[in-house]
Amino acid sequence: MDLKIAIQGIKGSFHHQVANHYFGEAITLDECTSFNAVVKSLKTKHSDKGVMALENSIAGSILPNYALIDKNELHIIGEYYLDIHMNLMALKGQKMEDIKEVHSHPIALLQCEVFFNQYPHIKLVESIDTAETAYRIQQQRLSGIAAVAAPIAAQMYDLEILAAGIHTIKSNKTRFVIVNTRNKALSKEEINKASLKFELDDTPGSLATVLNVMNNCKLNLTKIQSLPIIETPFQYAFFVDVVFEKYKHYEKAKKILEIMTTHFKVLGEYKQGKQ
């Protein structure tokens, strides 16, 4: 039986590309309109696994997704780094001067800000997904409207690319995580990365002490992100990613951190993706 993978967006989206690269093409998609819907699909067992974007090299962290993974007790079981190529596309025969509005996901629009500064007459409109806009243009034969999406979307929905590679910084990558409702059983020899969440008491130097423990235990900190704890104003939870050569070093650090922190949680232990 084919794996069913929940993605945010539709066929032709970046999430669709990641699902195919990570799991192969022999999969069934559950196309979700939001990340909340991805979570629901997993928790109701409608899907086997999910794909969620977590951070972009230009736009930064997608903070609500950290909170979704944590709040819904999801486990990160893998990651994938995708090179993002943003293209402006519209119905065939349209030219730049015909375009009055460009619709796309807000993060996609943010990544192309410098390009659109050249065209002040174009109104930028946020939508739920890059590929969904391309599909809607094709289905409704929308003239004067363009989409920002991946090249595959233009191919799938028979649109013309008016401008290719319009993202501001050409080295543009998004980190996606593979999520599940339970941990994947990888051997300790395979695991070389972990995502953790912890909270600290309000004492001077507590974060520095934690980071020092990680360093002493030979963990390489690749990401640290703070999120406000809603119930306690001006208190923060920290989300970190660490990589390591030996699981025993990570295991030692984990035991110490469980004692040092007021709240400690493993969000996932998995194999580091290729950047």
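This is a predicted model: local features need pLDDT of at least 70, side-chain atom pairs count only at pLDDT 80 or more; totals for chains, interfaces and linings use all residues.
Ala, Val, Leu, Ile, Met, Phe, Trp, Tyr, Cys and Pro count here as nonpolar, Asp, Glu, Lys and Arg as charged, and the others, Gly among them, as polar. Residues are numbered from 1 along each chain as its sequence is written, and side-chain values use heavy atoms, with hydrogens and water left out.

**View 1. The largest pocket and its volume.** The largest pocket holds about 360 Å³ of space. A pocket is an open set of points on a 1 Å grid over the protein atoms alone, where a 1.4 Å probe fits and protein lies on both sides within 12 Å along at least five of seven lines; lining residues have an atom within 4 Å of a point. Volume is the space filled by probe spheres set on the points, which are joined across faces, edges and corners.

**View 2. Lining of the largest pocket.** Among the lining residues are Asp70, Lys71, Lys197, Glu199 and Phe239. By class, the lining has seven nonpolar, no polar and five charged residues. Helix 3 gives the largest share, three residues (helices are DSSP runs of H or I, at least four residues; strands are E, at least two; both numbered from the N terminus).

**View 3. The second largest pocket.** This one comes in at about 250 Å³. Of its 19 lining residues, Phe14, His15, Ala53, His105 and Ile107 sit closest to the centre. Helix 4 (106-111) is one of the elements supplying at least two lining residues, and its three are the largest share. The class tally is 10 nonpolar, eight polar and one charged.
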